[in-house]
Every structure is written in structure tokens, then in C-alpha cells.
Amino acid sequence: MAWTGQCPDCREWNTLVEQAAPRPASAPASGKAGNGRNLKPGAPGRSIPLREVEMVNLERFSTGIGELDRVLGGGIVPGSLILLGGSPGIGKSTVTGMALANLQAAGIETLYVSAEESAAQVRMRAERLGPAALGVKVLAESSLETVLGTIESERPSVCVIDSVQTMHSAGLSGAPGSVGQVREAANALAEQAKRLGVAIILVGHVTKEGSLAGPRVLEHLVDCVLSFEGERERTWRTLRAIKNRFGATSEVGVFEMRSGGLTEVLDPSARFVEEATGAQGSVVLASMEGTRPVLVEVQALVSPSELEVPRRVVNGIDRNRLGMILAVLARHARLGLGTADVFVNVVGGVRVDEPGADLAVALAVASAQRGEPLTGPDGRPMACFGELGLTGDLRYVAHADRRVSEAAKFGLSPVLGPAGGESPGGLAPCASIRQALKFAFSGNQASPESAAA
Ligand code: TYD
Ligand code: MG
């Protein structure tokens, strides 16, 4: 094959790797194969109504970690293949080690394949996790063939491969971690998982730049893709399902890294609201993490820029979304920030991935720009939610009632949100960004209706 430096599809350099080509079943005689014209129909298969298809038993293994089970859709499905991605140091080895410890303690056979760390290093981590973790069987091995052989003979019920990028097969050229090797390893493990009914968790590294190069190519192959996120310097971690054949993808688990491993944070709102300051540029977002309402603090900083193209720096929200929100503020609220640097941060290293976060970003930026804090009548931080339309309207988002009642639970009332739908008590409904800004900066004396007048 000719050397190709640039990918013809994505225009990235040095992303192409050589892979073993599958041997053609039989060389086409005519020499012009490929367009299917030479295919002959084979013997017919038999289709049956779905109701006659035998139901598989989806009895699941509980990992003993409630937040992990919830994100998985109720635990690990036997024979399933799970990809757990995250940046180095985020806690992938810790969470999988803890899960195996609980499973092993419950009498479910486990195997922890460490291709990165020595068995002694794995033991050192296990010591921190408690006595149950020492019952997990470990295999420090990076040869794919040896790992497959071990799984074949030991038949664990749940097996962790840490990490899939460090597995390598002698039969393939290419360095460990190259796309070809990773795909080959994952394919072989997937085949074995299904055949033997072993649930396999593949750990995959994702770089901070969000390049999923390694793991991304595996997403179609696995039943479930989990993403472990957070900042290494902070203790907060969120675990979310990006794909799940056996459950919802909206669930998010929240953890805190402590000295004895990861602890589940059952009431994240309490922690985040406690930290919320109510200072200028700060607002509380009543967000939905899956089916659970969570209050998070959104902060903004606006400062005069010395750059020709001012900075737009985001943490925890999408950068393009900030661009859109700034444009809406400029056009519909006469809040032009064309010569200012704008920084937006979701506190705690949390990511909010829903359009319902728009209003919080807009209000935080406006508050930072005006130098006025956003507080409720009692001096508590203000809570809000809602999506911004390009026309400056505030749009309805799902679960208004649950967002409002979560805020009320922490004494944050009223909650600024979109009008329309069922308006729960405690909601200050606003129809547009202008109305929301008026209400937010009116000292809350006036109702939004009169503020809008
Ligand atoms: P690790 O699970 O090794 O991360 P990954 O496998 O994703 O690269 O753990 C990452 C960090 O967590 C590491 O810097 C040490 C810290 N840690 C604790 O703070 N407490 C603990 O009990 C453990 C096991 C690790
Ligand atoms: Mg690790």
C-alpha cells in the first residue's frame, strides 16, 4: 500500500495505521467484483414474529456500587461488553477494582487483567480499597493470546481488561495502542465474551483533548460505553453512559475520590449548593442529570480583552453553545461582549450537556458584566433553567417540576424558568431572555409579568 500521511476523510495527519487485511474468501474470477452483481441468493432463512423470539434472561450482577449499577441500567448483564473510557488518573482502575471486589465477595468469579501495572502495583491499590479487593484474581499480562487463553480456562463471570490500549497480539504488526491492534484485541474479546457468557469491561484511555481515537473505534462493537469524567485535580467524578443496549443513556453517577477509593455522592445538589456563593457572575442551575435533578453552580467572568479575537473559555459546557448565548445576549438584550474575554465554568468539574443550561450561562455572564450579584429575596443564590432560542425566547425544557422542587428543597425560590407547559409553584415564568434579565436584576420585588411591562 502506498504511504498516506493525511486521512482523506477527516484531513488529520498521521492518524492512519496499517491493518491486517482479511483474506478474500475466493478471488473473483472476472476481476470485477465488489458491486454485488456476482452474488447469488442462498438458501432462505426463516423470519418469525418477535413475540415468538425466546427472551434472554437479563439477570444482572450488582457491582455493589449503586451509582455504577444505575448508570449501567441495573448492573452488569452477563456476557456483555462494556467500554469504560476516561482520562488518565481519573479513577478507572479504582472503580473497576472496587466493582470486582464487591462481585468477588458476593461469590461471582472475577478476573482483573492488568496490562499496565504490575500485579504488585494492583495489590497496592487494592490495599487502599479494603480487604474484599484482595480476593480479586489478578493477571498482569499484555499478550492478547495469553489473556484469551486464561479467560477460556478460568471462565470468570466478570473480567476487567485494564487497558485495552495496552493489549497486543503477536499476530499483528503495529505498536500496542494503534487502532489496528486495539480493534483486533476488542474483536477477539467481544467474540469470547459472547461465546462464553463472560461479561468484559474494557478500560480505555481518552486524552484530555477529547480525542477518543483509541476507544472511539470500539463504540459500535460494545454493548455499553461509559465515560468517566472530571478534573484530576478535583475530587468530583461523574460517570455517564454514552451508549447502552441494556438501559437508558441519560443516567449519571456522581463520585468523590477519597483516600479509601471512590465514594458515591448520593445527594450531589447538597454539596454543590453548599459551595455556591451568590457572588457576582454566579448562578445556580437546576439541571437534570438523567432522571435526577441536580443543582450546580455556573460561574462567569467578563473582563476587557487585549486580544483582537477575545477569549471564550469554557469548562463544563460546550464552547459553541457559549458563542450562541453571547450572540443572543448581544442581539436581544443589548449586552455586547465583542471586546471582552468571557470565561464560563461549571463548578466542581461537572459537565452539563443539556440545552436547559442556556439561561444559567446567560444570567451568569450578565451578572458578571454588570457587576451585580444574582440573589433571591432572602439573599440566597438564584436558581434557574431554560433553553434560549435564537430569537431571544426562553424555551420549555423537560422536568420543570422536578427542577423547581429540587431547588425548593435547598431553599432556592423562586426559580427562573420558561413559561409554558405546566408551571409548577415556585417557578417564576419568563417568556424571553429580556424578561428573565429584568426579573433577575429587579431585586425580585416585581413579578416577571410586571417587570416585563
Ligand atoms: P486510578 O484508578 O489509577 O486512575 P486511572 O486508572 O483512571 O488512570 O486512580 C487515579 C487516582 O486516584 C490516583 O492518582 C490516586 C487516586 N486514588 C485516591 O485518591 N484514593 C484511592 O483510594 C485510590 C485507590 C486512588
Ligand atoms: Mg489505570
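Start with confidence. The model is predicted. Mean pLDDT for the protein chain is 86. Of its residues, 87% reach 70 or more. Two stretches fall out of that picture. Over residues 26-33, pLDDT stays under 50. The model gives that stretch four contacts beyond four places in sequence. Residues 445-453 also stay under 50. There the model has 15 contacts beyond four places in sequence. Where pLDDT is low, the predicted coordinates should not be read in detail.

Next, a helix pair. Two packed helices are described by the angle between their axes and the distance between the axes. Take helix H4, residues 144-154, and helix H5, residues 179-196. They pack at an angle of about 10°, with axes 11 Å apart. That makes H4 roughly parallel to H5. Which residues of H4 meet H5? On the H4 side, Leu144, Val147, Leu148, Ile151 and Glu152. On the H5 side, Glu184, Ala185, Ala188, Leu189, Gln192, Arg195 and Leu196. By class, the residues of this contact are eight nonpolar, one polar and three charged.

Now empty space. Rolling a probe the size of a water molecule over the atoms shows where empty space is left. I'll take the second largest pocket, which holds about 380 Å³ of space. Its lining has 22 residues. Nearest the centre of this pocket lie Gly91, Ser93, Thr94, Arg125 and Met257. Where does the lining come from? Four elements each supply at least two residues: helix H2 (92-105), helix H3 (119-129), strand S5 (199-205) and strand S8 (252-258). H3 gives the most, with five residues. The classes in this pocket lining are six nonpolar, nine polar and seven charged.

On to the cavities. How many cavities of 30 Å³ or more does the structure hold? Two. The largest cavity has about 80 Å³ of space. Its lining is Thr63, Leu68, Leu72, Ile76, Ile82, Leu84, Val95, Thr96, Ala99, Ile201, Leu226 and Leu239. The largest share, three residues, comes from H2. H2 also supplies at least two residues to the lining of the second largest pocket. By class, the largest cavity is lined by ten nonpolar, two polar and no charged residues.

The second largest cavity has about 30 Å³ of space. Leu72, Gly75, Ile76, Val77, Ser80, Ile82, Cys224, Asn244 and Phe246 line it. That makes six nonpolar, three polar and no charged residues.

Last, backbone geometry. Most residues other than glycine have a negative phi, and most peptide bonds are trans. Here are some exceptions. A cis peptide bond joins Asp162 and Ser163, with omega about 0°. Ser163 sits in the loop between strand S4 (158-162) and H5. H5 is the helix that packs with H4. The peptide bond from Ser413 to Pro414 is also cis, with omega near 0°. Pro414 is in the loop between helix H10 (400-409) and strand S17 (415-418). Then there is Arg334, a residue other than glycine with a positive phi, near 50°. Arg334 lies in the loop between helix H8 (319-332) and strand S13 (340-346).

Definitions and conventions:
Residues numbered from 1 in each chain as written. Chains lettered and ligands numbered in written order. Predicted model: local features only at pLDDT ≥ 70, side-chain atom pairs only at ≥ 80, totals over all residues. Heavy atoms only, no water. pLDDT = per-residue confidence, 0-100. Contact = heavy atoms within 4.5 Å. Axes fitted to C-alpha atoms, helices over the stretch in contact; angles between N-to-C directions. Parallel < 35°, antiparallel > 145°, perpendicular 65-115°, else oblique. Nonpolar A, V, L, I, M, F, W, Y, C, P; charged D, E, K, R; others polar. 1 Å grid on protein atoms, 1.4 Å probe; cavity = no way out; pocket = protein on both sides within 12 Å on 5 of 7 lines; lining within 4 Å. Points joined across faces, edges and corners; volume = space filled by probe spheres on them.
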